[in-house]
Amino acid sequence: MDALRPRTLVELGTHTGFSFFAFAELADRLGLDTRLFALDSWEGDDHAGFYDESVYESVKAIAEADFPHRTELIRGYFSESAPRIDDNSVELLHIDGRHGYEDVREDFEEYLPKVADNGVVLFHDCYEFREGFGVHRFWDEIADRWPSFRFHHGHGLGVLAVGTDVPDSVLAFIEYANSHEHEVRDFYAQLGARVTEEYVVREQAARAGALEAEIADLRASTSWKVTSPLRALGALRLRGRS
């Protein structure tokens, strides 16, 4: 984000919004005027699993509360939503939809005309080799056609500089990364692990706080107070048996 400083970012496949809101947060911190578009059906698939309406409602609530002037959610299938994105307008395209070989190839070919002259395409799950995951196959076919670099951690992230006028800062990073593969991959893997750890800790703290609040509400409720003599009687019986 810092090297490219995109004015328009499109994400194909947003799910719970983790990466999408990371992009939005970075745009805020860097003082960029980036507009971000999240494209998803919010129905799920055979890789991510299928889910109910609550996932979309959660993403929508965060977008409206935290990034109302920066983000737009476009709900539907990628092929249906393509006409809503102008050709030669997307400076950063993140492809993270269904991960079959045919799926990712179709997504790339359909949205490549949308990418601007200075554009970069990111491919998630390009280092995932489980059955049914074909992004790595497609990546191997196209990675040599443009300046590129592939991270291995987190199922893989491919960086493909497809534009004809990509900023020197991006090209310099790709060149350095390819000549220092292990150093760069280890560095970013460590950063990712740190973010993941902090996220898990916050989630655990939030869940613990929610549980404590529920317990406090329960103890303050009328039913808890009414059943207090019954609980005390039960405790006395248990002590009598010991």
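Two strands pair if DSSP finds at least two bridges between them. Helices (H or I, at least four residues) and strands (E, at least two) are DSSP runs, numbered from the N terminus. Keep in mind that this is a predicted model: local features need pLDDT of at least 70, side-chain atom pairs count only at pLDDT 80 or more, and totals for chains, interfaces and linings use all residues. Residues are numbered from 1 along each chain as its sequence is written, and side-chain values use heavy atoms, with hydrogens and water left out.

Start at strand β1, residues 8-12. Its pairing with strand β6 (residues 90-95) is parallel and has four bridges, with E11 standing opposite H94. β1 also pairs with strand β2 (residues 35-40), again in the parallel sense, over five bridges; here the bridge partner of E11 is A38.

How covered is β1? Five of its five residues are buried, meaning under 20% relative accessible area with a 1.4 Å probe, protein chains only. T8, V10 and L12 lie on one side, L9 and E11 on the other.

Now hop over to R150, in strand β8 (residues 148-151). R150 counts as buried because its relative accessibility is 16%. Beyond its neighbours within four places in sequence, R150 is in contact (heavy atoms within 4.5 Å) with residues including Y127, W139, D140 and R185. C126 is another of its contacts, and the R150 side chain reaches the backbone oxygen of C126 at 3.0 Å.

Definitions and conventions:
Buried means under 20% relative accessible area, exposed over 50%, partly exposed in between (1.4 Å probe, protein chains only). A polar contact is a pair of N or O atoms within 3.5 Å; within protein, one must be able to donate a hydrogen and the other to accept it, and residues adjacent in sequence count only if both atoms are side-chain atoms.
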